[in-house]
Amino acid sequence: MIVFEHVSKIFKNNWTALYDINLNVNKGEFVFLVGPTGAGKSTLLKLIYCGDSASSGKLNVMSYPLHDSLSDAQITQLRRKIGIVFQDFKLLLDRTVYENIEFTLRVIGIRPLLIPEIVTSALNKVGLYNRKDFYPYQLSGGEQQKIAIARAIAKNPEILLADEPTGNIDYKGSTEILRILKDINFNGTTVLMATHDHIIAETSNKRIVRLENGKLLSDGD
């Protein structure tokens, strides 16, 4: 489903964020990307959703050859199949929980009559339907992250990318976020979760890919 072949990413200041990455992720896997700040985790995720392009190597995501020049239409098609959860949530502060998810669905062209049912289902999956009329500032950090997850899964993605989703949350909240992500994965969605918290990864019985200074150090359970 995701194939990196000798992928490197070098920025204009000659900083190498990723170096010669070879990585295969199969459909339905749950993969932790583990490493300290600056290891290249976020850059790797960004390449998958076309937030940036590789400097060299080949990268295929769901049969889209990202190393070739994709059209804007192809990039849009790919991104509709990918859900993204950011550490800083990126919720629209002037819209309610419901409106945040509704906005995403409208952008990707979901029929308006279908939106209420989809939003309700997504919020029920994260246990926060009772917060649908709240604004982000009225929610805790853990609740905001759950809403970000609900927004990502509302479009029924084939791949879910989570970049440090537990980084700003306490232990109890982190445990709940991880449970939700595992449930999503259990239902068939491929999940890649970046984290600097190796304990969360090592106690989850999932595949762990370790990065450091842009290099892949190890890949296994």
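**Notes on the fold, by chat**

Me: Where does Phe11 lie?
Reply: Phe11 lies in the loop between β1 (2-10) and β2 (16-25), where helices (H or I, at least four residues) and strands (E, at least two) are DSSP runs numbered from the N terminus. Residues are numbered from 1 along each chain as its sequence is written, and side-chain values use heavy atoms, with hydrogens and water left out. This is a predicted model, in which local features need pLDDT of at least 70 and side-chain atom pairs count only at pLDDT 80 or more, while totals for chains, interfaces and linings use all residues.

Me: How accessible is Phe11, and what is it in contact with?
Reply: Phe11 counts as partly exposed, because its relative accessibility is 27% (buried is under 20% relative accessible area, exposed over 50% and partly exposed in between, with a 1.4 Å probe and protein chains only). Leaving aside neighbours within four places in sequence, Phe11 is in contact (heavy atoms within 4.5 Å) with Ala17, Thr43 and Asp52.

Me: Is α1 mostly covered or mostly uncovered?
Reply: Helix α1 (residues 41-48) is mostly covered, with 6 of its 8 residues buried, namely Lys41, Thr43, Leu44, Leu45, Leu47 and Ile48. After α1 comes Cys50, which has a positive phi near 65 degrees.

Me: Changing topic, how do the axes of α5 and α6 cross?
Reply: The axes of α5 (residues 141-153) and α6 (residues 171-186) come within 10 Å and cross at roughly 15 degrees, which makes α5 roughly parallel to α6. Axes here are lines fitted to C-alpha atoms, for helices over the stretch in contact, and angles run from 0 to 180 degrees between N-to-C directions; under 35 degrees counts as roughly parallel, over 145 as roughly antiparallel, 65 to 115 as roughly perpendicular and the rest as oblique.

Me: Which residues meet there?
Reply: From α5, Gly142, Gln145, Lys146, Ile149 and Ile153 meet Glu176, Ile177, Ile180, Leu181 and Ile184 of α6. The residues of this contact of α5 with α6 divide into 6 nonpolar, 2 polar and 2 charged (Ala, Val, Leu, Ile, Met, Phe, Trp, Tyr, Cys and Pro count as nonpolar, Asp, Glu, Lys and Arg as charged, and the others, Gly among them, as polar).

Me: And Gln144, buried or exposed?
Reply: Gln144, which is found in helix α5, is buried, with a relative accessible area of 15%. Not counting residues up to four places away in sequence, Gln144 touches Phe89, Leu91, Pro136 and Leu139.

Me: What about α3 and α4, how are they oriented?
Reply: Their axes come within 10 Å and cross at roughly 125 degrees, so α3 and α4 are oblique to each other. The contact is made by Val97, Tyr98, Ile101, Glu102, Leu105 and Arg106 of α3 with Ile115, Pro116, Ile118, Val119 and Leu123 of α4, and its residues divide into 9 nonpolar, no polar and 2 charged.

Me: How many residues are in the largest nonpolar core?
Reply: There are 38, and those with the most contacts inside the core are Phe32, Ile149, Leu160, Leu181 and Met193 (a nonpolar core is a set of buried Ala, Val, Leu, Ile, Met, Phe, Trp, Tyr and Cys residues joined through side-chain atoms within 4.5 Å). Elements that each supply at least two residues of this core include α3 (97-107), α4 (115-125), β7 (159-163) and β8 (190-195), and α5 gives the most, with 6 residues.
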